[in-house]
Amino acid sequence: MASKYAAKGWVAKYAATATPTTTIDNLRRLRFKQGDRVLLDTSNHGTSGGVKESIIAALREANEVVMSFLYDPADTIHELVRSHHSAGTVGYLTVVAPDTGAAQWAHTGHMLTWEIADQDPETGLLEVEVSYKATGADTFTA
Amino acid sequence: MTLGAAIFQKLTASAAVKDLVADRIFPVTSPDRPATPYIIFNLLTSEPANTHREAAELSFHLVQFSCWADTYEAAAELRDILVRALDNQTLPTGEIATLDDAGRDDFDQAAQLYRSDADFTIPNRIAA
C-alpha cells in the first residue's frame, strides 16, 4: 500500500552551476508540473466506432516550477534568482519532495517570471513568486 | 522581549495614554476593581509565517485592546488616544502595529463600566 506524506518539507535548490547544493531559504508555496504531453489526432476516413483516433506526441513540454518564498534581498540565493531572471541567465534548479526517499527532479532552465506578491500593509509578508521553465529533459531520481 | 511587554512599554511611553491610565494596562484581566480608566489587552489569534523547511520566525497577532471607563465618552476618548499611540507605530521589538478595527463598544452590567475596543494586527518575532 502506498505511503502518504504531508506537503511540508519541500526543498528547492538553485545555483549557477549544475547539481545545486544550496537551498532557497523560506520557501512557502511550490507548484510543480511535469511538462504536458498532447495527443495527435490521427482520425481518418477509415476511423470507426464513433471515436477519434490518436497517437501520443513524441515530444512533451519541459517541466515548470512555480515557487514563492519570503524574500530577503540580502540572501545570496534570493539575489541569484532575481539576477538570473533579470539577465536571462541559465540556472539549475532541483526540487526535492518531502517523502522518505527524497524524490527529486533536476533541471536546467530559466527563471521566466519574478513578482512581488500583493503587499497588504496589515498582514502582508515580503514574498516573491517566481516561475522557472526547464529548457530540456529533467533528471528524476526516486 | 515578549509582545505583551513591548505593548506595555510602548503605551506607557505615550504621555497622552499615561495621563489617563498611568500604568493600568493589564494583560488578559485586571486586578479586582482597579481605578478607572484602564486598558486590558488580549492576544486573540495568531497566524505564523510558515515555510517548508524553517520554524516560523514571524507571526501576525490579532490583539484586542479594551478601554474601560465610568462614562461612554471617557472610554471612547481613551480608545482614540490608544489608537493614536499605537497605529502605524513601531514597538520596542521593531515591528509595526496596524489598526484592524476601532468601532466596537459595550457596557458591562456587573462592573457598571463602559468599554470601547480597538483591535490591532501586530507582527512578532518568534524566539528561536
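Is A:Ile55 buried, partly exposed or exposed? At 46% relative accessibility, A:Ile55 counts as partly exposed, where buried means under 20% relative accessible area, exposed over 50% and partly exposed in between (1.4 Å probe, protein chains only).

The legends below describe a predicted model, in which local features need pLDDT of at least 70, side-chain atom pairs count only at pLDDT 80 or more, and totals for chains, interfaces and linings use all residues. Residues are numbered from 1 along each chain as its sequence is written, chains are lettered from A and ligands numbered from 1 in the order in which they are written, and side-chain values use heavy atoms, with hydrogens and water left out.

**View 1. Nonpolar surface patch of chain A.** A:Ile55 belongs to a nonpolar surface patch with A:Val38 and A:Leu40. Together these residues have about 250 Å² of accessible area, computed by the Shrake-Rupley method with a 1.4 Å probe, and for residues only the protein chains shown count as cover. Patches are made of residues with over 30% relative accessible area and no salt bridge, like charges being joined within 9 Å and nonpolar side chains (Val, Leu, Ile, Met, Phe, Trp, Tyr) within 5 Å. A:Ile55 sits in strand 4 (residues 54-56) of chain A. Strands (E, at least two residues) and helices (H or I, at least four) are DSSP runs numbered from the N terminus.

**View 2. Negative surface patch of chain A.** The residues of this patch are A:Glu115, A:Asp118, A:Asp120 and A:Glu129. Asp and Glu count as negative and Lys and Arg as positive, while His and the chain ends are not counted. The place of a charge is taken as NZ of Lys, CZ of Arg, CG of Asp or CD of Glu. A:Glu115 belongs to strand 7 (residues 104-116) of chain A and is exposed, because its relative accessibility is 53%.

View 3. A:Glu79 and A:Arg82 form a salt bridge whose closest N and O atoms are 2.8 Å apart. A salt bridge is a side-chain nitrogen of Lys or Arg within 4 Å of a carboxyl oxygen of Asp or Glu, and the structure holds 13 of them over all chains. The two residues are three apart in helix 1 (residues 76-87) of chain A, so about one helical turn separates them. A:Glu79 is partly exposed at 30% relative accessible area, and A:Arg82 is partly exposed at 28%.

View 4. B:Arg104 is bridged to B:Asp117, with 3.3 Å from N to O. This pair links distant parts of the chain, 13 residues apart, with B:Asp117 in strand 5 and B:Arg104 in strand 4 (residues 98-108) of chain B. B:Asp117 is buried at 3% relative accessibility, whereas B:Arg104 is partly exposed at 28%. B:Arg104 also forms a salt bridge with B:Asp119, the closest N and O atoms being 2.9 Å apart. B:Arg104 lies in strand 4 and B:Asp119 in strand 5 of chain B, so this pair ties together parts that are 15 residues apart in sequence. B:Asp119 is buried, with a relative accessible area of 6%. Through shared partners, salt bridges join B:Asp101, B:Arg104, B:Arg115, B:Asp117 and B:Asp119 into one network.

**View 5. Largest nonpolar core.** This core has 23 residues, and those with the most contacts inside it are B:Ile7, B:Leu11, B:Ile39, B:Phe65, B:Leu82 and B:Phe120. A nonpolar core is a set of buried Ala, Val, Leu, Ile, Met, Phe, Trp, Tyr and Cys residues joined through side-chain atoms within 4.5 Å. At least two core residues come from each of helix 1 (3-12), helix 2 (15-21), strand 2 (38-48), strand 3 (58-69), helix 3 (72-86) and strand 5 (113-125) of chain B. Helix 3 of chain B gives the most, six residues.

**View 6. Backbone geometry in loops.** Most residues other than glycine have a negative phi, and most peptide bonds are trans. The peptide bond from B:Thr36 to B:Pro37 is cis, with omega near -5°. B:Pro37 lies in the loop between strand 1 (25-27) and strand 2 of chain B. A:Asn26 has a positive phi, near 60°, and is placed in the loop between strand 1 (11-15) and strand 2 (27-33) of chain A. Phi of B:Asn88 is also positive, near 60°. B:Asn88 is in the loop between helix 3 and strand 4 of chain B and is exposed at 57% relative accessible area.
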